[in-house]
Amino acid sequence: MPDTRKDPWWQSFYDDSPLELYMARTDLTELNESIAFLRDRLRLQPGAVIFDQCCGLGGLSIPLAEAGYRIIGADLCRKYINMARAAAKASGKIPDGTTDFFVGDAFEYIPATRCDAAFNWYTSFGYSPEDDQNRLMIDCAIKAIKPGAFFALDFLNTPMILGAFKEEMSMVLKSPQGDIIQTRKCRIESGLMQQHWTWTMPDGKKLERDSTLRAYMPADLVRLFKEVGFVDIELFGSCANGGEPLTDKSGRCIVVARKPA
């Protein structure tokens with residue numbers, strides 16, 4: 001098993017891959033449900049300062065900023081941060097100075113300002129095979145927020161994944177240059193999802209990358225949250241209807257927890 005602490009795949013994985021096309025959120029129902037869920041479960045007050053850990057393109061940060069919240073977002077991929085900044089500027093609905101996007105490693109980055117809430121969305125967690133490494137990200141989240149504040153982590157639901165496991169999945173990504181065929185091959189060994197990605201570009205050239213993801217069970221996530229000091233931990237299976245209960249058929253595993261006062 002590779003030691004990702006010495007050679008972390010995530011340092012460069014997103015820089016030259018076309019995954020931003022996959023990350024673009026076009027399902028407005030899902031987006032609105034996610035925003036409503038965060039507003040309710042994070043107990044957001046008007047004007048709250050929110051930390052978006054692993055903010056990506058700002059797919060949730062930008063709508064939240066448009067709704068009147070102040071956003072601090074961080075992501076390791078400079079390309080994504082530039083896209084998030086551009087989206088905030090182009091919005092026309094966000095006052096100047098209410099969004100700050102930084103290039104930062106989520107295993108280390110803690111905002112200078114303590115925030116009223118934080119979230120980590122779209123399975124931006126579990127990249128290392130080691131608990132000690134992954135726990136650092138949750139530890140940064142608890143240090144980023146004020147006492148009594150809430151943090152939400154959106155992760156895959158491993159029981160569902162195992163029950164409907166597919167070794168290979170393909171989809172078409174639409175780009176200005178034409179269709180890109182994305183193929184992901186996956187195997188699970190010792191609780192680690194080993195993934196090989198191939199993108200066949202419009203000109204026929206292929207780009208290949210490898211990634212790993214720790215297939216945490218819900219109870220394992222609860223354990224990690226407790227180990228860094230979170231309390232009042234709740235699990236949800238989706239954002240629909242204000243947060244549906246987690247089952248082995250749920251599409252997601254969303255952890256919401258509070259930093260002790």
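Mentor: Side chains of opposite charge can pair when their charged atoms come close. In this predicted model, the side chains of R209 and D16 meet in such a salt bridge, at 2.5 Å from N to O. The pair links distant parts of the chain, since R209 belongs to strand 9 (residues 206–214) and D16 to the segment before helix 1, 193 residues apart.

Trainee: Is R209 buried, exposed or partly exposed, and what about D16?

Mentor: With a relative accessibility of 25%, R209 counts as partly exposed, and D16, at 44%, counts as partly exposed as well.

Trainee: Which residue forms a salt bridge with D132?

Mentor: D132 pairs with R135, their closest N and O atoms being 2.8 Å apart. The two are separated by about one helical turn, because they stand three residues apart in helix 5 (residues 131–144). D132 is exposed, with a relative accessible area of 53%, whereas R135 counts as buried at 19% relative accessibility, because buried means under 20%. Both residues also belong to a network of salt bridges that links D131, D132, R135, R214, D220, R223 and E227.

Trainee: Which residues are buried in helix 7?

Mentor: In helix 7 (residues 218–228), the buried residues are P218, L221, V222, L224, F225 and V228. They cover an arc of only 160 degrees around the axis, so they lie on the same side of helix 7. A219 and K226, on the other side of helix 7, are exposed.

Key. Residues numbered from 1 in each chain as written. Predicted model: local features only at pLDDT ≥ 70, side-chain atom pairs only at ≥ 80, totals over all residues. Heavy atoms only, no water. Buried < 20%, exposed > 50% of the residue type's maximum accessible area, 1.4 Å probe, protein only. Helix = DSSP H or I, 4+ residues; strand = E, 2+ residues; numbered from the N terminus. Arc of directions from axis to C-beta. Salt bridge = Lys/Arg side-chain N within 4 Å of Asp/Glu carboxyl O.
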